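Please open the model in a viewer and keep the sequence panel in view.

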Amino acid sequence: RGQIARLRHACGMSLRFAVGDRVRCKTSATQWKRGTIVALHYREDGWPPGQTAPYQVELHNGPLIYAPKDSEGVIRADDGIEELERSARVFVCQAGPCRRAGGEAVLLEIEELSRSVGGVAVRPSGCLGNCSNAPNVLVVDDQAEQIFARRCDLAASAEVVQRASGRVPSLGDADMVARLARARRLRVWTEAREESKWNLALCGMREDVARAHAEAQAEPTEESADSLQELVQEYAELLAAAGFGDKALEALSAAAGPAAELSLEHIPSLRLLVEQARVLAGMGRAADIERLRGAVCALQPQGRREESLQAQVEELLSDAAGDARAARGGEAGCVQDRVQGYARWSLRAVTPVSKHSAVYHFTSDDGERGTPIRKGRGGRTVWSKTWHTTLLAEVGEAANNEGPLPWVERDYTPVSTAHEWEQGRCDILIKVYLDPPGLATRWLHSVSAPPPAAGAGAAAGTA
């Protein structure tokens, strides 16, 4: 000890701990272990002259290690507080089904909650093999592996962090909770919109619109009015894309107010009016758009700014009327129930394969079915290893617990080729769930006899 003290004095270095002090050492990116200081200015054979480590530490029930530097991030005093010493890793699935169910938001939540407790390494991962219970998270530590399924809210993400760290993350920060809730909704909506999953995209939006209406009435500020207008526009756009144009118009009309209150001074109401015209165009209702255009033409602009604004709105409405007439002609009068991104197919036959599976044979002459074969630069064909189609099973709103629309959405990989799809034929091998009966397969049973699968939707995409 005297030699060590003289060396310490000679080097002019002041260390925070002495021999015999109880400490905790960081032994990995996520793990701290208890130990006792057994030497100062430790040196190993083969090190360059003058190189030393501040401490040598004997871990409790473990080997001798050294601390490479005297830093709080490497070695700290043992405060005696009992704590689980684990090396936990959390893998958040980012494969297709989990991403659509909010996997990105789950990753964000767990990352943020883990910062408050420490001791957890969080990473995105590929498929965890539990797609029917998305979104999924895998926790791996020294003792075991455990999958957490259906992480559908912040409390469920907090449960994962508690299991991984041994500590309960705080949910007392109202701003953080609100921010993470908004991020989850936004990411789910964005992913669902990109993949034309309208049922998932609309989930919870009706309640959000009602809440925004109440807030705007309770505190009528410009900010609350703008937020309501943006939310209603988004809601109406999704309803129209899902083929529910009438419901979209109801939402827009309720937010815009009576036509008699239309004014060139009130920009939000004009935006909602233009959005109404877009919905009407998709439904082929040119006459209704012309009535909206007439209402705008009847307004009396005050100054050059309002004159310019009126001309712009009239032009937008005129374009929408033209689109409506084109849609009406192209669809032969049937445009109101068109679901964006989907084509109409008919179920023509079913070939049993086993007790629990069958091949369903679909045909289509709908020109909107597109092709699953992607085109690269210069029109070159890009061959995908696999591609999928999404089936809309019309189970009815009462039976659907997956969203507000009267159908459930199911992804399948056809056993037929992409070329057969282009020719209007598609064969899908589908597992039949009997106990409990699956919503989609139960619906397929009900439409197996002609007239088949009227209104069924299918969309092809590469994966």
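**Stop one: helix 8**

Select helix 8 and colour S224, L228, Q229, L231, V232, Q233, Y235, A236, L238, L239 and A241, which are buried (buried is under 20% relative accessible area, exposed over 50%, partly exposed in between, with a 1.4 Å probe and protein chains only). This is a predicted model, in which local features need pLDDT of at least 70, side-chain atom pairs count only at pLDDT 80 or more, and totals for chains, interfaces and linings use all residues. Residues are numbered from 1 along each chain as its sequence is written, and side-chain values use heavy atoms, with hydrogens and water left out.

Helices (H or I, at least four residues) and strands (E, at least two) are DSSP runs, numbered from the N terminus.

Next, show what covers those buried residues: helix 5 (174–194), helix 6 (198–202), helix 7 (205–218), helix 9 (245–256) and helix 10 (267–282) are included; contact means heavy atoms within 4.5 Å.

Check the length of helix 8 (residues 222–241): its 20 residues should span 28 Å at 1.5 Å a residue, and the end C-alpha atoms, 29 Å apart, agree with that. The expected span is 1.5 Å times one less than the number of residues. Just after helix 8, select G243, which has a positive phi of about 90 degrees.

**Stop two: aromatic rings**

The whole structure holds six aromatic pairs (rings of Phe, Tyr and Trp, its six-membered ring, with centres within 6.5 Å; planes under 30 degrees apart are stacked, over 60 edge-to-face, the rest tilted). Select W47 and Y66, an edge-to-face pair at 5.2 Å centre to centre with 75 degrees between the planes. W47 lies in the loop between strand 2 (32–42) and strand 3 (53–59) and Y66 in strand 4 (residues 64–67), so the pair ties together parts 19 residues apart in sequence. W47 counts as buried at 15% relative accessibility, while Y66, at 37%, counts as partly exposed.
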